[in-house]
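Here is a short tour to read alongside the sequence and the 3D view.

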Amino acid sequence: MKETDREAVATAVQRVAGMLQRPDQLDKVEQYRRREARKKASVEARLKAAIQSQLDGVRTGLSQLHSALSDVKDIQRSLADVSKDWRQSINTVESLKAVKDAVVRHSQLAAAVENLKNIFSVPEIVRETQDLIEQGALLQAHRKLMDLECSRDGLMYEQYRMDSGNTRDMTLIHSYFGSTQALSDELAKQLWMVLQRSLVTVRRDPTLLVSVVRIIEREEKIDRRILDRKKQTGFVPPGRPKNWKEKMFAVLDRTVTTRIEGTQADTRESDRMWLVRHLEIIRKCVLDDLLVARSLMVQCFPPRYQIFRSLLNVYHQALSTRMQELAAEDLEANEIVSLLTWVLNTYTSAEMMGNAELAPDVDVGVLEPLLSPDVVAELLDTYMSTLTSNIIAWLRKALETDKKDWVKETEPEADQDGYYQTTLPAIVFQMFEQNLQVAAQISEDLKTKVLVLCLQQMNSFLSRYKEEAQLYKEEHLRKRQHPHCYVQYMIALINNCQTLRESIVSLKRKYLQHDAEEGLSLSQPSMDGLLDAIAEEGCSSLLEEVFLDLEQHLNELMTKKWLLGSNAVDIICVTVEDYFNDFAKIKKPYRKRMIAEAHRRVVQEYLRAVLQKRISFRNAEERKEGAARLGREAEQLRFLFHKLAAGFGEEMDGHCDTIVAVAEVIKLTDPSLLYLEVSTLVSKYPDIRDEHIGALLAVRGDASRDMKQTIIETLEQGPAQASPDYVPIFKDIAVPSLNVAKLLK
């Protein structure tokens, strides 16, 4: 208390100090004193009231405790009296056992009397119930059946209560009501028939389906009541529980399965499109059934049945089973495509489960797949294996068909731009296109795999195509008159290479996604290389044909006959131009290369004629005349190839300048300048060799031994360096065997 008093005094001092901080506040001391007195009086009053309230509560509690104690004593006395009375009445209760047995028998007799009318009228009720079932009055028939079962079950229950071990009486009752179970089975049969045709019934007579559902609901209630009584008494009437609701869904399940299996109208032997027809019938059938179920059947069943959801699950499971059965068959490639397209795409599309009228009750995003991923993968592997074999066979057949065209007596067809072509590219890529379109219907991954397969087989096919083109050329060379249209079909083969290249690019652009393009980039260069090789060999074959016809006239060059006025170059120009008029049917990329190659080879053959020393000029006059003729014929050739290359916008006179340069060496009149002229020639054409220079000097016929030796030694000491864009012209020109020592003599 002393501590409390000290704290109170300290608090009071602090408050007073806070109130009296300025001299003018001393005038308000009395006012402060009165206010604090009021506060004190108020606090004391509240404390007194609280203490009084607590005292009243304690007083009331003590009073209630005294009352409770008195009540407990009274209860103890009453329990003692009840215990005393119970002990005295035990003997009395045992003496009433006979009364209890009499009551049980009375209740059984009362039940028998109550059902007496039904017992005597059982045969009549059975007949009436049978008639009602046959008439289709299912609700009335079920009402009478319920009366029969109620009478039977009541009697059997009373017998069970009286003597559960008396099987003879139980059997007697069951036998007397034996027709009841048969009626129940017959009624159930009618119910299942209605349910089997429920999708038809609900359109024609929905009340009949409602009646069936009401009967099943009644039976479900009776089953629940009997099962509840079983927990108390252990008694279950015969035939219970019927579980008709469970059987109803089993019937619907069997009906749906049978309905789906029954949609197969054809077999592979009778119709190649049997599977497509079968799947289309399933699609229409299932969609129609679900639409009817959603719009009409849901109105005939209680909401808790969730009949549409149940039917949807039944249909899905039945379809899954059917698809697995189909997948297990030995399907052909087109049938695998039809099945997978239907399973992976059609099933979830707007044509079936994704139909707008089924939403939102059907969410295609949560539907389980009809086929497991393993089955789908196995089918895809089978399809790819079969497709590989088919593509190989198709390509082989396409090539054989194309080869038959090569020996025809008529020219090949031309495209809209006038270029010769055969049907091979169209056949091949139409086949590729069809397979890719089919694969795209299944999945993007399969489409990419099929594209890879097509490109791989295209590589192999191009190798065979190249071999066949080579054999075609060799066969022609053995007998040049056969085939009659060899040039035209060789042109078509060359053009096919360009068409195939464009088709490959188009196919990849159309069916290859950007993220997968890198994985296929390696196949394109190899195909491009093969196509270029085929086209170049074709161009080479055509040029070989040209030069076979030019051979006789090329042999006239640089001979006495040529020097005296031969028209060999005129014939050469006319022949080349005539061939290239036919070669105009070759597509530009290859025709351009052919013109360049023909230009190079013609000039090369001309130079070969010069360097083969068919003629040796005897004097300056002959050298002048020969050089002038070389110059004129170089201009003829230049004009020819300018004309042929006019549509390509490129100059093609570089090779003809070589003839002019050689002519300058021959025309030179001052032998002392010969070294300079030859050096200039060598600097322009680095691939020229010493044997070429020796042959050229031999053609001149006036070069001294010292001059020849100096020129050749100089060439051997400092070979010229070729520029990167230089096209060799002398490299492939062989000259007659002539060693330097002999040349210098």
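## A histidine and its neighbours

Let us begin with His278, which touches Ile260, Thr263, Gln264, Arg322 and Leu326 once residues up to four places away in sequence are set aside. His278 belongs to helix α12, which spans residues 274-295. Is His278 buried or exposed? With a relative accessibility of 1%, His278 counts as buried. Please keep in mind that this is a predicted model.

## The chain as a whole

Stepping back, the protein chain has 29 helices and zero strands. Of its 745 residues, 41% count as buried. If you take the contacts between residues at least 6 apart in sequence, 76% of them join residues at least 24 apart.

## The largest nonpolar core

In soluble globular proteins, nonpolar side chains tend to be buried together. Here, the largest nonpolar core has 186 residues. The residues with the most contacts inside this core are Met323, Leu339, Trp342, Phe432, Met458, Val576 and Phe583. Which helix gives the most to the core? That is α18, residues 486-511, with 13 residues.

Apart from its neighbours within four places in sequence, Met458 is in contact with Val428, Phe429, Phe432, Leu500, Ile504 and Met527. Phe432, one of these partners, is itself listed among the core residues with the most contacts.

## Two helices side by side

Two packed helices are described by the angle between their axes and the distance between the axes. For helix α24 (residues 620-644) and helix α25 (residues 654-667), the axes come within 8 Å and cross at roughly 170°. An angle over 145 degrees counts as roughly antiparallel, so α24 and α25 are roughly antiparallel to each other.

On the α24 side, the contact is made by Arg623, Ala627, Leu630, Ala634, Leu637 and Arg638. The α25 side supplies Cys656, Asp657, Ile659, Val660, Ala663, Ile666 and Lys667. Sorted by class, the contact of α24 with α25 has nine nonpolar residues, four charged ones and no polar ones.

## Cysteines without a bond

How many disulfides does the model have? The count comes to zero. Cys497 is in no disulfide, and its nearest cysteine sulfur, that of Cys539, is 8.6 Å away. Looking from the other end, the closest cysteine sulfur to that of Cys539 is in Cys497. A disulfide needs the two sulfur atoms within 2.5 Å, so the 8.6 Å between Cys539 and Cys497 is too far for a bond.

Cys497 counts as buried at 0% relative accessibility. Cys539 is also buried, with a relative accessible area of 8%.

## Backbone spots worth a look

Most residues other than glycine have a negative phi, and most peptide bonds are trans. The peptide bond from His482 to Pro483 is cis, with omega near -5°. Where does Pro483 sit? Pro483 is in the loop between α17 (444-478) and α18.

Asn243 has a positive phi, near 55°. This residue lies in the loop between α10 (206-233) and α11 (244-261), and Asn243 is partly exposed, with a relative accessible area of 33%. Met558 also has a positive phi near 55°. Its place is in the loop between α20 (523-554) and α21 (560-563). Is Met558 buried or exposed? Met558 is buried, with a relative accessible area of 0%.

Technical notes: Residues numbered from 1 in each chain as written. Predicted model: local features only at pLDDT ≥ 70, side-chain atom pairs only at ≥ 80, totals over all residues. Heavy atoms only, no water. Axes fitted to C-alpha atoms, helices over the stretch in contact; angles between N-to-C directions. Helix = DSSP H or I, 4+ residues; strand = E, 2+ residues; numbered from the N terminus. Parallel < 35°, antiparallel > 145°, perpendicular 65-115°, else oblique. Contact = heavy atoms within 4.5 Å. Nonpolar A, V, L, I, M, F, W, Y, C, P; charged D, E, K, R; others polar. Buried < 20%, exposed > 50% of the residue type's maximum accessible area, 1.4 Å probe, protein only. Core = buried A, V, L, I, M, F, W, Y, C linked by side-chain atoms within 4.5 Å.
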